Amino acid sequence: MTDPRPLDARLERLQTQVPGLRLTTDPADAEHYGRDWTRRWTPAPLAVALPGSVDEVAAIMRWAVEEDVAIVPSGGRTGLSGGAVAANGELVLSLERMNRVLDFDLVDRTLTVQAGIALEAVHNAAREHGLVYPVDFAARGSCSIGGNIATNAGGIRVIRYGNTREWIAGLKVVTGNGDVLELNRALIKNSSGYDLRQLMIGSEGTLGIVVEATLRLTDPPPPTNVMLLALPSFEMLMQVFAAFRERLTLEAFEFFTDRALRHVLAHGAQKPFDEVHPFYVVTEFAVGDEAEDAAAMAAFEYCLENGLVSDGVISQSDAQAAQLWRLREGITESLAKYKPYKNDVSVRISAMPAFLAETQALLAREYPQFEVVWFGHIGDGNLHINVLKPDDADYAVFVDQCEHVTQLLSDALARHGGSISAEHGIGLVKKPYLLGTRSAAEIEAMRGIKRVLDPKGLLNPGKVFDA
């Protein structure tokens with residue numbers, strides 16, 4: 001990351017104030033660290049700083065206040081809302097070097113980690129102690145725990161374990177003043193004023209920089225099986241969910257379309273059925289005794305006899321379970337080359353049937369010329385909509401068309417009491433639609449909170465809402 005070009009005077013002062021800080025202005029590094037998985041903005045940061053300690057992060061923040069330089073916190077940059085984009089001369093503060101496990105407490109069953117550690121490394125560390133950190137999703141190998149906290153990430157097992165928020169026992173955070181706050185100190189019961197820990201979770205780096213986290217761990221789940229179901233129509237989806245939830249302890253319940261499957265198969269996955277079906281569900285559920293095995297078969301047979309499913313396959317080994325999961329988890333990677341426009345929305349599970357029906361009609365009407373790929377976490381009310389850009393389409397025109405439809409989708413979400421962002425955050429991409437999810441009074445309250453914790457507005461400016 002060495003760069004022979006002369007530094008901006010502000011950066012020279014930063015290096016003087018924080019001796020030994022890794023700092024780069026190399027254009028390749030600026031592009032790499034200056035954006036997330038969105039590709040709608042050209043990265044243009046002032047520089048990229050890679051601190052190795054909490055003290056360095058706090059010193060960088062104090063320098064930013066003195067120099068009036070905006071800061072974009074950066075984790076694994078796997079986000080899809082532009083929350084980690086640095087396009088206006090900000091300093092990118094990457095936490096990737098702060099990636100260690102700091103402590104394990106057997107009695108409290110907690111794991112304290114630095115914010116830059118990958119989710120998969122957290123899983124491995126918990127497993128070494130016979131426990132699990134249950135939050136999980138497909139980007140586990142590259143996303144960071146700090147980024148997960150910043151967006152209150154959900155994933156594939158929310159139906160059983162909830163979102164990231166439920167598993168954060170304590171946080172260490174650097175505020176917009178450069179102060180270091182220790183929040184909640186891993187207490188289970190703490191009724192001593194405002195829970196600032198929870199305020200930081202989901203704040204997308206606009207209130208503070210998460211530098212350390214103490215994570216709650218739990219017992220490993222019971223043995224599970226995975227079943228892939230083929231559905232004859234979209235209308236059957238919620239009935240199948242109800243049938244399985246009534247009879248089984250569900251770990252996950254995910255759906256995707258034939259279009260999604262086609263892309264994953266083209267990406268190297270194995271075809272699950274001889275025939276093509278319009279909709280699919282992959283579900284994971286607890287097993288372990290004859291009664292639970294019988295309940296799983298009873299759920300499948302009920303759905304088959306009532307015409308709710310057309311076919312199904314149940315995993316016979318861990319390897320086959322992984323193959324079935326790949327059909328769902330491989331969707332995002334298989335679509336990446338198309339630069340899809342993404343919607344990540346949610347409603348209450350009870351509102352899902354009516355919302356799904358309205359949304360299906362809306363997208364069919366508004367996107368006749370585009371391929372739309374659906375998938376989602378039906379068990380927790382979260383739907384992902386991917387609109388694929390045709391090869392010959394101008395990208396700016398394509399985005400404009402999609403944003404028109406997103407406004408209509410936002411209006412539908414407002415009618416059904418939903419959210420324009422279920423788990424990816426607001427960032428830059430969803431900012432125009434925030435008023436469909438939050439009231440003007442709520443947004444003004446959020447602005448007031450930001451003014452207290454980030455008085456100069458230097459932390460991830462322009463994300464979530466405008467100052």
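In this predicted model, the buried residues of helix α10 are Ala295, Ala296, Ala299, Phe300 and Cys303. Viewed down the axis of α10, these buried residues fall within an arc of 130°, so they line one face of the helix. The spacing follows a general rule: an α-helix has 3.6 residues a turn, so residues three or four places apart point the same way. The cover over the buried residues of α10 includes the strands β10 (224–231), β12 (279–286) and β13 (311–314), together with helix α8 (237–247). On the face of α10 turned away from the buried side lie the exposed residues Glu290, Ala291 and Glu305.

The length of α10 can be checked against its residue count. Helix α10 comprises the 16 residues 290–305, which at 1.5 Å a residue should span 22 Å; the end C-alpha atoms are 22 Å apart, and therefore the expectation and the model agree.

The two ends of α10 each have a local feature. At the start of the helix, a side-chain oxygen of Asp289 comes to within 3.1 Å of the backbone nitrogen of Ala291. Just after the helix, Gly307 adopts a positive phi of about 75°.

Helix α1 (residues 9–17) packs against helix α3 (residues 54–67) at an angle of about 145°, and their axes are 10 Å apart. The crossing of α1 and α3 is right-handed. From α1, the contact is made by Arg10, Leu11, Arg13, Leu14 and Gln17, while α3 contributes Ile60, Trp63, Glu66 and Glu67.

Key:
Residues numbered from 1 in each chain as written. Predicted model: local features only at pLDDT ≥ 70, side-chain atom pairs only at ≥ 80, totals over all residues. Heavy atoms only, no water. Helix = DSSP H or I, 4+ residues; strand = E, 2+ residues; numbered from the N terminus. Expected span 1.5 Å × (residues − 1). Buried < 20%, exposed > 50% of the residue type's maximum accessible area, 1.4 Å probe, protein only. Arc of directions from axis to C-beta. Contact = heavy atoms within 4.5 Å. Polar contact = N/O pair within 3.5 Å; in protein donor to acceptor, adjacent residues only side chain to side chain. Axes fitted to C-alpha atoms, helices over the stretch in contact; angles between N-to-C directions. Left-handed = near helix turned anticlockwise from the far one by under 90°.
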